[in-house]
Amino acid sequence: MMHTLEAAVRTATGPAGLGIIAAYSFLIAAVLPLPSEIVLLPVGELRLGLPYEANLALVILVSGAAKAIGSLFAFHLGQKAKQSGPVIRALRRSRFDVVGWSERKTVQLAQEYGYVGLALALCVPGFPDTISIYAFTVLEEDHVLFGLATFVGSVGRLLVTLFLFGLGAATLA
């Protein structure tokens, strides 16, 4: 399924292509630990009748908005999990030590820098956002600032990718 979804994003065209990019961006925030940079790949082939730069801006904004909405979905789930002692205990006992790893990395940024830390963590190209988003949901309670931070971080990540690597870097994802 993940390969099919990535292939759909890589070949997205037209208005339906923007819908595919939005769905992918929502899912990577909410449930799929996949890189978001591949949404940059179809920019030149979108066929929306707009200049390349307008297509690029549109893809970045659509992806950022959909990822913010997906993160709010994750935020809601995280708030429910936070109230569930058994969920937190199960995470602490898991062989992957999700809570421990998150506390050392993302949570440290969140505690030191708050929502700015979340936005900065989400700006790192090539790293799946799902873990950072869920780790942060357990710590915070302001869904508006959370959504704004994930939007800024998501847009920032795509801009950092373009600045550092150009469009070719998205093929590495």
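## The overall picture

Keep in mind from the start that this is a predicted model. The protein chain has eight helices and zero strands.

The protein chain has 173 residues, and 43% of them count as buried. Its accessible surface comes to about 8,700 Å², and 69% of that area belongs to carbon and sulfur atoms.

Let us start with one pair of helices. Two packed helices are described by the angle between their axes and the distance between the axes. Helix α2 covers residues 14–30, and helix α7 covers residues 129–137. Their axes are 7 Å apart and meet at an angle of about 55°. That angle makes α2 oblique to α7.

Which residues bring the two helices together? On the α2 side they are Ile-28, Ala-29 and Ala-30, and on the α7 side they are Thr-130, Ile-133 and Tyr-134. Sorted by class, this contact has five nonpolar residues, one polar residue and no charged residues.

Is helix α7 mostly covered or mostly open? Helix α7 is mostly covered, with seven of its nine residues buried. The buried ones are Asp-129, Thr-130, Ser-132, Ile-133, Ala-135, Phe-136 and Thr-137.

## Aromatic pairs

Now for the rings. A pair of aromatic rings is described by the distance of the centres and the angle of the planes. The count comes to two aromatic pairs.

Phe-26 and Phe-73 form a tilted pair, with 5.9 Å from centre to centre and 40° between the planes. Phe-26 sits in helix α2 and Phe-73 in helix α3 (residues 52–82), so this pair links distant parts of the chain, 47 residues apart. Phe-26 counts as partly exposed because its relative accessibility is 27%. Phe-73 is partly exposed too, at 38% relative accessibility.

The other pair is made by Phe-75 and Phe-146. Their ring centres are 4.8 Å apart and their planes stand at 40°, so this pair is tilted. Phe-75 belongs to helix α3 and Phe-146 to helix α8, so the pair ties together parts that are 71 residues apart in sequence. Are Phe-75 and Phe-146 buried or exposed? Both Phe-75 and Phe-146 are buried.

The C-alpha atom of Phe-75 is separated by 9.5 Å from that of Ala-135, although the two residues are 60 apart along the chain. Ala-135 is one of the buried residues of α7.

## A few single residues

The table puts some residues side by side, with their relative accessible area and class.

| Residue | Relative accessible area | Class |
|---|---|---|
| Ser-154 | 2% | buried |
| Val-124 | 40% | partly exposed |
| Arg-47 | 63% | exposed |

Where is Ser-154 found? Ser-154 is part of helix α8, which covers residues 143–165. Leaving aside its neighbours within four places in sequence, Ser-154 is in contact with Gly-64, Lys-67 and Leu-122. Ser-154 is buried because its relative accessible area, 2%, falls under the 20% cut-off.

Val-124 lies in the loop between α6 (106–122) and α7. Not counting residues up to four places away in sequence, Val-124 touches Glu-37 and Arg-157. The C-alpha atoms of Val-124 and Leu-158 are separated by 9.1 Å, and these two residues are 34 apart along the chain.

Arg-47 lies in another loop, the one between α2 and α3. Arg-47 is exposed because its relative accessible area, 63%, is over the 50% cut-off.

How values were computed:
Residues are numbered from 1 along each chain as its sequence is written. This is a predicted model: local features need pLDDT of at least 70, side-chain atom pairs count only at pLDDT 80 or more; totals for chains, interfaces and linings use all residues. Side-chain values use heavy atoms; hydrogens and water are left out. Axes are lines fitted to C-alpha atoms, for helices over the stretch in contact, and angles run from 0 to 180 degrees between N-to-C directions. Helices (H or I, at least four residues) and strands (E, at least two) are DSSP runs, numbered from the N terminus. Angles under 35 degrees count as roughly parallel, over 145 as roughly antiparallel, 65 to 115 as roughly perpendicular and the rest as oblique. Contact means heavy atoms within 4.5 Å. Ala, Val, Leu, Ile, Met, Phe, Trp, Tyr, Cys and Pro count as nonpolar, Asp, Glu, Lys and Arg as charged, and the others, Gly among them, as polar. Buried means under 20% relative accessible area, exposed over 50%, partly exposed in between (1.4 Å probe, protein chains only). Rings of Phe, Tyr and Trp (its six-membered ring) pair if their centres lie within 6.5 Å; planes under 30 degrees apart count as stacked, over 60 as edge-to-face and the rest as tilted. Accessible areas come from the Shrake-Rupley method with a 1.4 Å probe; for residues, only the protein chains shown count as cover.
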